[in-house]
Amino acid sequence: QVQLVESGGGLAQAGGSLRLSCAASGIIFSIFDMGWYRQAPGKQRELVAATTSGGTTNYPDSVKGRFTISRDNAKNTVYLQMNSLKPEDTAVYYCYVNRTVRGVGYSYWGQGTQVIVSS
């Protein structure tokens, strides 16, 4: 059974920092691509950071230079370091892992962790 458990969300002031963690179990962590999405009230879920199994990272312009994704394959954990937080970063943050095998996608999601940034 695959489980992704997020932690580290909470309340931060604008300009502050938070680090999210997502611990995975039930998968061979190192061979999965993974990342973080967020969803604010009334908005669509959006990708905020992604990393491939090879370590290539990708960020949208809205967080580039402020957010950093990293992974520790030995600990089966992916992190999202969020600096210079803005009120518009307020959302529920979800981690995911994904791997495609012979055209079949295998995706798993965490339960989400709330981030609130006050101005």
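Start by selecting Arg 66: beyond its neighbours within four places in sequence, this residue is in contact with Gln 81, Met 82, Asn 83, Ser 84, Leu 85, Lys 86 and Asp 89 (contact means heavy atoms within 4.5 Å). A quick note before you go on: this is a predicted model, where local features need pLDDT of at least 70, side-chain atom pairs count only at pLDDT 80 or more, and totals for chains, interfaces and linings use all residues. Residues are numbered from 1 along each chain as its sequence is written, and side-chain values use heavy atoms, with hydrogens and water left out.

Stay on Arg 66. You'll find it in the loop between β6 (57–58) and β7; strands here are DSSP runs of E with at least two residues, numbered from the N terminus. Is Arg 66 buried or exposed? Its relative accessibility is 9%, so Arg 66 counts as buried (buried is under 20% relative accessible area, exposed over 50%, partly exposed in between, using a 1.4 Å probe and protein chains only).

Now show the backbone of Ser 62 and Ser 84. A polar side-chain atom of Arg 66 lies 2.9 Å from the backbone oxygen of Ser 62, and the Arg 66 side chain also reaches the backbone oxygen of Ser 84 at 2.9 Å.

Next, colour the open sheet of 4 strands, which has the order β1-β3-β8-β7 and antiparallel pairing (two strands pair if DSSP finds at least two bridges between them). Look at its edges: β1 (3–7) and β7 (67–72) each have a single partner strand, so one side of each is left without a neighbour in the sheet. Zoom in on β7 and β8 (residues 77–82), an antiparallel pair joined by 6 bridges. Here Ile 69 stands opposite Leu 80 in β8.

Time for the sulfurs. How many disulfides does the structure hold? There is 1, and it joins Cys 22 to Cys 95, with an S to S distance of 2.0 Å (a disulfide is a pair of cysteine sulfur atoms within 2.5 Å). Cys 22 lies in β3 (residues 18–25) and Cys 95 in β9 (residues 91–101), so the link ties together parts that are 73 residues apart in sequence. Both cysteines are buried.

Arg 38 has Glu 46 in β5 as its bridge partner. The β4–β5 hairpin has 6 residues between the strands, and there Gly 42 takes a positive phi near 75°.

Technical notes
Polar contact = N/O pair within 3.5 Å; in protein donor to acceptor, adjacent residues only side chain to side chain.
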